[in-house]
Amino acid sequence: MRDRELLRQAIAEARQGLAQGGIPIGSVLTDAGGNILARGHNLRVQTGNPTAHAEVVCIRNAGRRTDWHKLTLVSTLSPCIMCTGTALLYRIPRIVIGENQTFVGAEDLFAARGVECVVLQDEQCIALMREFIAARPELWNEDIGVPK
C-alpha cells in the first residue's frame, strides 16, 4: 500500500508539470521507510532543457548523497533509457512505476542489473498520459525523441 501512497505524490508532481504547460510525468525519491527525500516533475518544456525528465530532475533535487543504494525511485511512467541510466548509475535498487501501457522505457535494463521493478498499472497514471498524448502528440513525440 505504501507504494500507491508514494505514487500519489508523484502524480501530484505530474499534475504540477501539466499545469505549468509541461509534460505530466512526476517522480519522488524515498528512503527505505518511505520518507520522501526529493521530488521532481518533467521540466523539459518549461526550461528548454532536453534532459529535464521527471526522474532526472528528482535525482538532481536529492543533491549529493551516499545512500543511493538504499533508496526507491517512484515514477508515474516507465522511465526512458536516459532516466533508467541515471538510476542505474547511482545504483538505486528499487523502482516503482505508475504505468507502462502508454510507454515502455528501458525496464529490461533494470532487470538485467537486478533492480526490483514494481509496475502498478495505476488508472490515474494511464488516463493522465493517454489524455496528454491525445491532446499534444507532437510534444509527446518530441519528449521521447520521435522525429517528425
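This is a predicted model: local features need pLDDT of at least 70, side-chain atom pairs count only at pLDDT 80 or more; totals for chains, interfaces and linings use all residues.

Me: What makes β3 and β4 a pair?

Reply: Pairing needs at least two bridges between the strands. β3 (residues 72-75) and β4 (residues 94-97) have four bridges in the parallel sense, so by that cut-off they count as paired.

Me: Why is the crossover from β3 to β4 called right-handed?

Reply: The label applies if, with the strands pointing away from you, the path from the first strand over the helix to the second runs clockwise. Here the chain goes from β3 through helix α4 (residues 81-89) to β4, and this crossover is right-handed, so you would see a clockwise path in that view.

Me: What continues the pairing beyond β4?

Reply: Strand β5 (residues 116-119) does, with four bridges to β4 in the parallel sense. I95 stands opposite C117 there. The β-α-β crossover through helix α5 (residues 107-112) is right-handed too.

Me: And how do you know that β1 pairs with β2 and with β3?

Reply: Five bridges join β1 to β2 and four join β1 to β3, so each pairing meets the cut-off of at least two. Both run antiparallel. V28 has R39 as its bridge partner in β2 and stands opposite V74 in β3.

Me: Why is β1 described as covered on both faces?

Reply: Buried means under 20% relative accessible area. G26, V28 and T30 on one side and S27 and L29 on the other are all buried, so each of these residues falls under that cut-off.

Conventions. Residues are numbered from 1 along each chain as its sequence is written. Side-chain values use heavy atoms; hydrogens and water are left out. Buried means under 20% relative accessible area, exposed over 50%, partly exposed in between (1.4 Å probe, protein chains only). Helices (H or I, at least four residues) and strands (E, at least two) are DSSP runs, numbered from the N terminus.
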